[in-house]
Amino acid sequence: MTTPDDSQLVFDKDGVRLTVEDAVATVTLTNPAKRNAQSPALWRALTEAGRSLPGSVRIVVLRGEGQSFSAGLDRQAFTPEGFDGEPSFLDLARGSDADLDAVIAEYQEAFTWWRRSDLVSIAAVQGHAIGAGFQLALACDLRVVAEDVRFAMRETSLGLVPDLTGTHPLVSLVGYARALEICATGRFVHAEEAERIGLANIAVPADELDAAVRDLSAALLAAPRDAVVETKALLQGAVGRSYEDQRVAERAAQARRLRDLAGLGD
């Protein structure tokens, strides 16, 4: 395992590596032999990554080693033996509703912190992003994809539903009807369509993926941090507010910015 000379390794375990270089953190899925298939241990490591970020970090890049971003849940979860040291999903299904709800809520924590208002998260996605992999890409604020990307929500074909926080951002990005069609059919969404319908911000040839993410990160870092934080919070809340409530929120946010610029902040 290597990291760039000017990057600090924070941790590397359970298929997740976190490095930090100045204001940019990179979270890398590190099991390319399994197409970065996901497991409860990996989800706990992703949650830890979010909790381990230094306060100086403004951008978090999520990427996967190898040919695929993440091919989804490791099917070993559905075998009677499950993963070493973990209850199998079959065992979990036999538990109480409250216990099962608590376990799923814990898994979801790996997918929730990417939209913190003090960060901008970018998923750099190549190859397969299926099921849990698709939902992990959706957890980020922005998605830069390689031309070989293949998104698919395959949970319904397994008799399940997407439960790792992916349904809300998917509907927000593409609308209810298209989200339903994508989820219910489990079909692939390729790069051109992903960019056209709003799933992807940028689609580039695979050999340009890293450069495109670097360029986007630099552009995001060019604006003052507090202005970006306030703007992100405004946009995140816009869907749940009326037009008039959003006007009020804009005024309040701008007043805070003006006071800070004038040196009159708290």
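**View 1. The largest pocket of the predicted model.** The space in this pocket comes to about 660 Å³. Its lining is made up of 27 residues. Leu73, Phe78, Phe89, Glu155 and Leu160 are the lining residues that lie nearest the centre of the pocket.

**View 2. The lining of the largest pocket, by element and residue class.** Three helices, α2 (89–93), α3 (97–112) and α4 (132–139), each contribute at least two residues to the lining. Sorted by class, the lining residues of the largest pocket comprise 18 nonpolar, four polar and five charged.

**View 3. A nonpolar patch on the surface.** The patch is formed by Phe78, Leu158 and Leu160. Together these residues have about 230 Å² of accessible area. Phe78 and Leu160 are also among the residues nearest the centre of the largest pocket.

**View 4. Leucine 158 in its loop.** The loop that holds leucine 158 runs between β8 (150–152) and α5 (167–174). Leucine 158 counts as partly exposed because its relative accessibility is 42%, a value between the limits of 20% and 50%.

**View 5. Tyrosine 176 in helix α6.** Helix α6 covers residues 176–185, and tyrosine 176 belongs to it. The relative accessible area of tyrosine 176 is 60%, and the cut-off for exposed is over 50%, so tyrosine 176 is classed as exposed.

**View 6. Tyrosine 176 and arginine 196.** In sequence, 20 residues separate tyrosine 176 from arginine 196. In space, tyrosine 176 and arginine 196 are 16 Å apart, C-alpha to C-alpha.

How values were computed: Residues are numbered from 1 along each chain as its sequence is written. This is a predicted model: local features need pLDDT of at least 70, side-chain atom pairs count only at pLDDT 80 or more; totals for chains, interfaces and linings use all residues. Side-chain values use heavy atoms; hydrogens and water are left out. Helices (H or I, at least four residues) and strands (E, at least two) are DSSP runs, numbered from the N terminus. Buried means under 20% relative accessible area, exposed over 50%, partly exposed in between (1.4 Å probe, protein chains only). Patches are made of residues with over 30% relative accessible area and no salt bridge: like charges are joined within 9 Å, nonpolar side chains (Val, Leu, Ile, Met, Phe, Trp, Tyr) within 5 Å. Accessible areas come from the Shrake-Rupley method with a 1.4 Å probe; for residues, only the protein chains shown count as cover. A salt bridge is a side-chain nitrogen of Lys or Arg within 4 Å of a carboxyl oxygen of Asp or Glu. On a 1 Å grid over the protein atoms alone, a cavity is a set of points where a 1.4 Å probe fits but cannot get out, and a pocket is an open set with protein on both sides within 12 Å along at least five of seven lines; lining residues have an atom within 4 Å of a point. Grid points are joined across faces, edges and corners, and a volume is the space filled by probe spheres set on the points. Ala, Val, Leu, Ile, Met, Phe, Trp, Tyr, Cys and Pro count as nonpolar, Asp, Glu, Lys and Arg as charged, and the others, Gly among them, as polar.
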